[in-house]
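Thanks for coming. I will go through one structure today, part by part. Please keep the sequence and the model in view.

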Amino acid sequence: MTAIRTFTHLDALEAEAIHVMREVAAELERPVLLFSGGKDSIVLLRLAEKAFRPGRFPFPLMHVDTGHNFGEVIEFRDRRVRELGEGLVVASVQESIDKGRVVEESGPRASRNRLQTTTLLDAIEEHGFDAAIGGARRDEERSRAKERIFSFRDDFGQWNPRAQRPELWTLYNARVRKGEHVRVFPISNWTELDVWQYIKHEQLELPLIYFSHEREVFRRDGMLYAASEHVERLPGENPFVASVRFRTVGDMTCTGGVLSEAKSLEAVVAEIATTNVTERGETRADDRASEAAMEDRKRVGYF
């Protein structure tokens, strides 16, 4: 007797995301997929494989590298790109600093995270990209809940919520005017738990820092930061070894770990299912700013 396969919510989310990616490929002239080596962009890669394989991707990959990323993630990024045989554009924040395009912050709370805005916009202009496919999701924070799947930016990279286009019945108006570009979020409707369940279902490989491991950390503002040369510690911020994992893997200067013993996909999924704090709320120092500050950063093209 043939088993009947049940159509799950993950199947529905996957089908929507694949539809969005194919729409981008069909309607835009020069898209790019943002790939950092983090879990959301790893999911995007699998979706792109399902959308376009056995052919090549109809777009290159791009990472905006702050120079302060976790080494394990950069190694994973490069290896995964080689395995796929796709092209990778690395937009360097350090190069933006060297060229005088941005000014590096200093002090214990310095971060290059905000400097990515200029580096990203310069890379989009340099390579003529008219669409950037990213892994942002609406569940990450309240300000992102206003995003459309096709989120249009003007020629200054600014986002105007009142100038966005309706997206009825999964119909998307992808036409860009001269100077505009669009950020596209195929997994916008996914939750963090959806992402982890999909990773488990597809048995996707992740950088090991997503799982519990012992690492030297220090505590600041209720968060555990990885001790590194990129983060200047304040008096009394003494490092210690703890069993942690990272729910997101951005810039080391603003990304915190969480105490955890979850060493497998099954354990991480079970852990995420019981938490009531978003990953950005728990592990991103830069996202503990006010809602007004977040809106300002979106309007100047940070997201």
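Helix H1 covers residues 9-27, which is 19 residues, and at 1.5 Å a residue it should span 27 Å; its end C-alpha atoms are 27 Å apart, so the two agree. The expected span is 1.5 Å times one less than the number of residues. Helices (H or I, at least four residues) and strands (E, at least two) are DSSP runs, numbered from the N terminus.

This is a predicted model, in which local features need pLDDT of at least 70 and side-chain atom pairs count only at pLDDT 80 or more, while totals for chains, interfaces and linings use all residues. Residues are numbered from 1 along each chain as its sequence is written, and side-chain values use heavy atoms, without hydrogens or water.

Which residues of H1 are buried? Among them are Leu10, Leu13, Ile18 and Val24. Buried means under 20% relative accessible area, with a 1.4 Å probe and protein chains only. The buried residues of H1 pack against several elements, including strand E5 (150-153), strand E6 (181-184) and helix H6 (192-202). Contact here means heavy atoms within 4.5 Å.

Now strand E5. Phe150 and Phe152 point one way, Ser151 and Arg153 the other way, and all are buried. In a regular strand the side chains alternate between the two faces of the sheet. E5 and E6 run antiparallel and are joined by four bridges; two strands pair if DSSP finds at least two bridges between them. Opposite serine 151 stands arginine 183 in E6.

Key:
Buried < 20%, exposed > 50% of the residue type's maximum accessible area, 1.4 Å probe, protein only.
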